[in-house]
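Good morning. Please have a look at it before I start.

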Amino acid sequence: MAYYNNRDRQQEAAPEFIEKVVYLNRVSKTVKGGRVMKFSALVVVGDGKGTVGYGLGKASEVSEAILKGIADAKKNMVKITLSGTTIPHEVIGVYGAGSVLLKPAAVGTGVIAGGAVRAVMEAVGISNIRTKCLRSNNPQNVVKATMQGLMSLRDATEVARVRGKSPEEIVG
């Protein structure tokens with residue numbers, strides 16, 4: 001007789017996620033008996049349809065750190081406003097010393113981005129975009145700046161609703 005808890009059922013029913021390990025870091029602490037190694041993993045998880053999240057997992061083994069990062073990323077998933085296969089407008093995301101410029105691109109351009117930003121774009125499902133890291137290239141700050149930029153995106157209907165106008169007046 002097998003017992004299933006609610007968590008097992010949720011994982012079976014959950015849609016497939018794109019999981020990308022952006023950065024693995026090994027840190028060591030020197031103690032009386034020698035060095036103690038620990039690992040941290042920065043992970044990005046998305047469904048490829050406009051939902052994405054990131055997480056940081058820390059553990060004494062690499063696989064445990066990645067699993068903790070995936071769990072943290074799934075808890076912090078947000079919906080992103082998209083315009084087809086790109087973003088609706090240009091935006092600069094800033095977090096700490098990290099700053100990322102995100103520009104929409106025509107169909108066929110592809111993802112022009114560095115490692116950390118590329119992982120986020122592939123996870124969210126954006127296939128045409130141009131990006132540039134303007135300041136720090138620390139993977140944690142770059143991922144957080146990219147997420148901040150993506151979360152600040154708004155389409156014409158949202159802007160029209162805030163301004164009390166019709167979307168046609170905003171688009172022109």
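How many bridges join β3 to strand β4? Two bridges join them, and β3 and β4, the latter at residues 78-79, run antiparallel. Within that pairing, V52 stands opposite V78 in β4.

Before going on, some ground rules. This is a predicted model, where local features need pLDDT of at least 70 and side-chain atom pairs count only at pLDDT 80 or more, while totals for chains, interfaces and linings use all residues. Residues are numbered from 1 along each chain as its sequence is written, and side-chain values use heavy atoms, with hydrogens and water left out.

Helices (H or I, at least four residues) and strands (E, at least two) are DSSP runs, numbered from the N terminus. Two strands pair if DSSP finds at least two bridges between them. As background, strands of a sheet pair through backbone hydrogen bonds, either parallel or antiparallel.

Now the whole chain. There are six helices and eight strands, and along the sequence they follow the pattern α-β-β-β-α-β-β-β-β-α-β-α-α-α. The C-alpha atoms fill a box of roughly 70 × 50 × 30 Å along the principal axes. Of the 172 residues, 33% count as buried; buried means under 20% relative accessible area, exposed over 50%, and partly exposed in between, with a 1.4 Å probe and protein chains only.

Next, contacts, meaning heavy atoms within 4.5 Å. Among contacts with a separation of 6 or more, residues 24 or more positions apart account for 56%.

Strand β1, residues 18-31, pairs with β2 in the antiparallel sense over 13 bridges. A hairpin through two residues joins β1 to β2, and K29 stands opposite V36 in β2. Then β2 (residues 34-46) pairs with β3 (residues 51-59), again antiparallel, over eight bridges. V44 faces Y54 of β3 as its opposite number. β2 and β3 also form a hairpin, with four residues between them, and G48 in the turn has a positive phi of about 80 degrees.

On to the later strands. Which order do the strands of the open sheet follow? The four strands are ordered β5-β6-β8-β7, with mixed pairing. The edge strands are β5 (91-95) and β7 (111-112), each pairing on one side only. β5 and β6 (residues 98-104) run antiparallel and are joined by five bridges.

Leaving out residues up to four places away in sequence, S99 touches several residues, including I92, K132 and A145.

Q148 lies in helix α4 and counts as partly exposed, because its relative accessible area is 32%. The C-alpha atoms of Q148 and Y95 are separated by 7.3 Å, although the two residues are 53 apart along the chain.

That is my part done.
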